[in-house]
Amino acid sequence: MNKNMSNESGWRGSPDLWLDAAGEILLESGVEAVKIAALAKKLKLSRTSFYWFFQDREELLDALVQKWKDKNTGSIIRQSQAYADSLAEATLNVFDCWLDKTLFDSRFEFAMRSWALQSKAILDEVQRADTQRLEALTHMFIRYGFEETAADVHARTLYLVQIGYISMQTDESLEIRMKRIPEYIKTFTGKYPKQNELERFYFKHGYTETSAE
């Protein structure tokens, strides 16, 4: 990436602008459509402007992969390590990822997994991310008293259900999802969440039980 861009970067855009546009095209049309000419047209900038920030298309694609890892994998790991008074609450912390697009982007996840069908290198990245996420979730269950094999199975159950949601492109309203949350928590942890834990979770995501009645 060219580092000498401080004086003239405005009319060329910015690295984030080009990267965001690439992400939009990836989500809409797949990786084959992420091309410099298409990005320049989308942004109404010259193709040469692209090279002010990225050496080539491969460097841009590498940046997209890194953005996905930082956001989706990073958020699951951080949420699995967040403070909680119980395993149910710890699992609700992870559930924040499924409901907050600023933490975890399901469309980005689907696009990456679709890309992995065409690229061994991306498949390796996805499998590495799956391993890191499952390890983090397994450690979460271990912290709350599960032995290693049981923790691994519970972590896989929690994680693979959500990956199934993404792979099936499930369209589920917030009301339906929230009504199912207590049963999911019971399935994944063996115990229902406490009412105050649920209320905090609902409030965080702008949902009230009365508003759904």
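Analyst: Let's start with H5, where the buried residues are Leu87, Ala88, Glu89, Ala90, Thr91, Leu92, Asn93, Val94, Phe95, Asp96, Cys97 and Trp98. Buried means under 20% relative accessible area, exposed over 50%, and partly exposed in between, using a 1.4 Å probe and protein chains only. Helices (H or I, at least four residues) are DSSP runs, numbered from the N terminus. This is a predicted model, where local features need pLDDT of at least 70, side-chain atom pairs count only at pLDDT 80 or more, and totals for chains, interfaces and linings use all residues. Residues are numbered from 1 along each chain as its sequence is written, and side-chain values use heavy atoms, with hydrogens and water left out.

User: How many residues does H5 have, and how far does it reach?

Analyst: H5 covers residues 87-99, which is 13 residues. From first C-alpha to last it reaches 19 Å, close to the 18 Å expected at 1.5 Å a residue. The expected span is 1.5 Å times one less than the number of residues. Of the 13 residues, 12 are buried, and H5 is mostly covered.

User: Which helices do the buried residues of H5 pack against?

Analyst: They pack against H4 (57-81), H7, H8, H9 (174-189) and H10 (195-204). Contact here means heavy atoms within 4.5 Å.

User: New topic. How many salt bridges are in the whole structure?

Analyst: A search finds 15. A salt bridge is a side-chain nitrogen of Lys or Arg within 4 Å of a carboxyl oxygen of Asp or Glu. Side chains of opposite charge can pair when their charged atoms come close.

User: Which residue does Glu109 pair with?

Analyst: Glu109 forms a salt bridge with Arg133, at 2.7 Å from N to O. The two come from distant parts of the chain, with Glu109 in H6 (residues 106-116) and Arg133 in H7, 24 residues apart. They also belong to a network of salt bridges that links Glu109, Arg113, Asp130 and Arg133.

User: Is Glu109 buried or exposed? And Arg133, buried or exposed?

Analyst: Glu109 is buried, because its relative accessible area is 0%. Arg133 is buried too, also at 0%.

User: What does Asp152 pair with?

Analyst: Asp152 forms a salt bridge with Arg156, and their closest N and O atoms are 3.0 Å apart. Both residues lie in H8 (residues 148-167), 4 residues apart, about one turn of the helix. Asp152 has 26% relative accessibility, so it counts as partly exposed. Arg156 is partly exposed as well, at 37%.

User: What touches Thr138?

Analyst: Neighbours within four places in sequence aside, Thr138 is in contact with Glu148, Ala151, Asp152 and Ala155. Thr138 lies in H7 (residues 120-143). Its relative accessibility is 10%, so Thr138 counts as buried.

User: Which residues touch the most other members in the largest nonpolar core?

Analyst: Those are Trp18, Leu26, Leu39, Leu60 and Trp115, out of 30 residues in that core. H1 (15-29), H2 (36-43), H4, H6 and H7 each supply at least two of its residues. Apart from it lies another core, of 29 residues, among them Leu137, Phe141, Tyr159 and Tyr207. A nonpolar core is a set of buried Ala, Val, Leu, Ile, Met, Phe, Trp, Tyr and Cys residues joined through side-chain atoms within 4.5 Å.

User: Last one. Where is Phe146?

Analyst: Phe146 is in the loop between H7 and H8. With a relative accessible area of 21%, Phe146 is partly exposed. Beyond neighbours within four places in sequence, Phe146 is in contact with Leu87, Phe141, Ala151, His154 and Thr189.
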